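Me: Can you walk me through how this one is put together? I have the sequence and the model open.
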Amino acid sequence: MPGPMVHIGEENLDQSINSLDTGSMAESGESCGCGNGSCGCGAGADAEAKKEGDSGCACGGGSCGCGAAEADIGKSAVSHSHSEQKQRHKTITVQKVEKTEFEEVNSKRPEVRMDDPTNSTDPLFACYHRTIEEVEKMPVIEKTMTVCPECKLIIPGTIYKDGDYVMIRKFCPEHKWATEKYWEDYEMYTKMKRYNYFGRGLDNPNYLGQGQNCPFDCGICERHKTHTGLANVVITNRCHLSCWYCFFYAKEGEPIYEPTVDELDKIFRNLKAAKPIPANALQITGGEPMMHPEVVEVIRKAKKAGFDQIQLNTTGIILGQDPELAKQVKAAGAGTLYMSCDGVSPRTNPKNYWEVPSALDACRQAKIGIVMVPTVIRGINNHEMGAMINFALNNLDVVRAVNFQPVSLVGRMPTRLREKQRITIPGAIKEIEQQTHGVIRKEHWFSVPYVGGINKFIEALTGQYKYDLSIHFACGAATYLFLDEDNHLIPITEFVDAAGMVEMLQNAVNEMSGKGRIARRAIAMKTLLALPKIIDKQKQPKSLNFSKMLMNIFLKNDFNAMGALHSKTLFLGMMHFQDEHTYDIHRVEKCDIHYAMPDGQVLPFCTFNVFPEVYRDKIQKQYSIPAKEWQKMNPNWNYRADKYIRDVKKLEQTPLFLKTYANMKDYFAMPINGGIPVDNFPVFKPKYPREQDQAQTIPATVPKVVI
Amino acid sequence: MDRRDNQQIEKTKELEEAKSETEDSGQADPGSERARGVSHFIEEGGKRFRMPYTIIRKVTFSNLDQNELIDIPHVARLQYRLLLFDAVIKAKVDYHKKFIRIIYNPPEADNIKEKISRAKLIEFLAGEGVHVSEAKENMEEVPYDYQKELYNYAYFPPSIREAPPYGWTREEWKKHKAEEEKARHRMEHPTAIDKILGRDKPKKKGSGFKLHP
């Protein structure tokens, strides 16, 4: 699967750190492993990479609030003038009990006195640098079970409020305290939580067990509370790219996992046999799924098995090169390209920046809708979120959605690097609000289980099971953005009282309980007739009659009427997958994005990918072919021949490239939308401009209008 | 030299080794069992499916000392650690019932996957602080048919429960479901009256509930 997570293994740790945009902190010195610079020694991230070795902060006590306190402080070889700060640190002691040397290092927390202005840290990171005494005084929101990132011990976790943030803290007897950002906005947390509810799970779970040792009892057991909403099926682990942050592809010499068409067909039918609600949306993923030699046949089988929605999770590079293949893919049944696309500049999107234009065009010709999927990493590409929405609006004829995925930091990672890269759903939403200058605000977003209010109403009315998005409220959020005829951008909640609607539907469900069919219909009719009250017709897009569309949804009892909505709008989604640091078992037991495996097991995304050593890699290995055997079977194959080699010069000189990037409009800069350009609007600057275009290259930036 | 260059050197060496082995042994038959990464296949409806294991072993150590298991979190971690062995297909450690059940691939099994002996498992458990006994009353080891007991269960799981749709109590739902089934039966086996009344025709998509019929 191209890039849903960042996996920082030991081998690519250095590279990931080097690729961080450390800004002024990186430039200011390399004496300390501290990234927040509060101690004044201000080192860059490179120093952190060395923390396992012989570098550290000479100020010793970790007073700067950096994760370097967890490093081997005693070995610090670098000296600098921190004598005053050292003196101050000496007065603060957190752990007073006697400990072993191992415990001493691991239980030591950075100490920051927040009442001392000289000790103030970057507010973004302050929540990581409290003393345990301070943390324990924070208001507790919820208790859950989580996992120790180091030893995988299942331990209690406490979700607590720290200023505006929602944090999770946990204590492992061996590895001591750990804290992590859970959500970056308490107000949004409480709003989203209102829509949380428990689903029904499967009547026929694939694995017999009650999940006492969750998440190590997985296979979709009795404990799981949500049916498969989106089924992922890996059809190959080969990939033509080797992204530094991706771990989901076969490296050289590793076994090749590529099930046959018949095996995949069996997996599809297994997903469709789930009760009471079979999977209906399928994502064919990899590796790079387009590298499977029989991918069209695989899609055809999936369609035949009964999936209504089939997505291809791909970089789009192969389809861009072969528009005819895109048409075949569409004809076989795949209607959506779930395309990795991490930014709108070469720096943020080295994966497929040059190939996106051809992929868009191939899909345009084949009439395949595109969901752009940026993996958002703080400090890497979070500054381009608004620009990515603007890019999608520029290609609204083919782009249906932008589904942001705040990064999941899987694997070993120094604390400080983690806190720099961490971004959660509200963090990303706030970035969008800032970058679009309030056109898309945080109150426009709703959590995914919000939709549950609608399907509960339909079930109560008809007695038929409906697709149930009962995932955990912290896993996803979404909104719709309408682009009206006059280029006015209108988020859906500007003209629909979404909260009021769900409340109205929930009241109707409560009223229907215990009533007969006729009474249920009467209640439903009364509710539906009241629905127009929740729509502000003055504010709704001129090209849309929303109340009519809503009526169609309820009266047809399916969501096909939503198709009309998609054709005039951009769906904005957020999906935040977990990692060991944020792990919450309440979330994983409600997961509805599942992976189906060749041994018949079905696994939630966040066990499959967070514990690959006991699920993903283990099961795939059982059904894989050793690289040497694969080579014998495919004499013309070799690892390097699989890899894509980009000709930047050639790509940049195509008219399509120029059309896509040079002539981009800034919808946010239009007076009707406030007139302020979106932040970081990409400046079109090809590395190899065409000679004939050099004179007439259009400056992409729009003059800034101050209101 | 950057990381990529390093990788390329290693890769080239590996490729050369792989190539030389390929040349030595000649081209493999693509249909051969080993070439598909497994030693066994099953047939269903004329189609072949890979089966990495056939008959393996299931060992259950019971009457364990609960103090050695410590508590449920430690038990879950022990289960995780057992699962880290490639040759352990499934593991279950139960704190309350004081047993450990391991489905593993023994050295004598007829397959080409990683293998582990029971002695190794016992040694590993001892290393984790859990001392199991091989006495008859404390240990049971039986053959385990991977295909029948694990693979087939996962592919054809029976229904173990039934939840009503939202807004319906269990009793209401049972009544409603019985009516639905009756209607379906009538549609499949219509009487002459049903045909006259049009009950043999499927309903239009949706519930048929219309504000303006």
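Reply: One definition to begin with: angles under 35 degrees count as roughly parallel, over 145 as roughly antiparallel, 65 to 115 as roughly perpendicular and the rest as oblique. This is a predicted model, in which local features need pLDDT of at least 70 and side-chain atom pairs count only at pLDDT 80 or more, while totals for chains, interfaces and linings use all residues. Residues are numbered from 1 along each chain as its sequence is written, and chains are lettered from A and ligands numbered from 1 in the order in which they are written.

Me: How do helix 9 and helix 10 of chain A pack, at what angle?
Reply: Helix 9 (residues 261–272) and helix 10 (residues 295–305) of chain A have axes 9 Å apart, at an angle of about 25 degrees. Helices (H or I, at least four residues) and strands (E, at least two) are DSSP runs, numbered from the N terminus. Axes are lines fitted to C-alpha atoms, for helices over the stretch in contact, and angles run from 0 to 180 degrees between N-to-C directions. Helix 9 of chain A and helix 10 of chain A are therefore roughly parallel.

Me: Which residues of these two helices meet?
Reply: From helix 9 of chain A, Val261(A), Leu264(A), Asp265(A), Phe268(A), Arg269(A) and Lys272(A); from helix 10 of chain A, Glu297(A), Val298(A), Lys301(A), Ala302(A) and Ala305(A). Contact means C-beta atoms, placed from the backbone, within 7 Å. By class there are 6 nonpolar, no polar and 5 charged residues. Ala, Val, Leu, Ile, Met, Phe, Trp, Tyr, Cys and Pro count as nonpolar, Asp, Glu, Lys and Arg as charged, and the others, Gly among them, as polar.

Me: And helix 12 with helix 13 of chain A, what crossing angle?
Reply: Roughly 45 degrees, for helix 12 (residues 323–332) and helix 13 (residues 356–366) of chain A, whose axes come within 8 Å. That makes helix 12 of chain A oblique to helix 13 of chain A. Their contact has 6 nonpolar, 1 polar and 2 charged residues.

Me: Switching to the sheet. What is the strand order?
Reply: 2-3-4-5 in chain A, an open sheet of 4 strands with antiparallel pairing. Strands pair if DSSP finds at least two bridges between them. Strand 2 (140–147) and strand 5 (176–183) of chain A are the edges, each pairing on one side only.

Me: How many bridges join strand 3 to strand 4 of chain A?
Reply: 6, between residues 154–162 and residues 165–172. Tyr160(A) stands opposite Met167(A) in strand 4 of chain A.

Me: Last one: how many residues does each chain put into the contact?
Reply: Chain B gives 54 residues and chain A 65. Helix 3 of chain B supplies the largest share of the chain B side, 9 residues.
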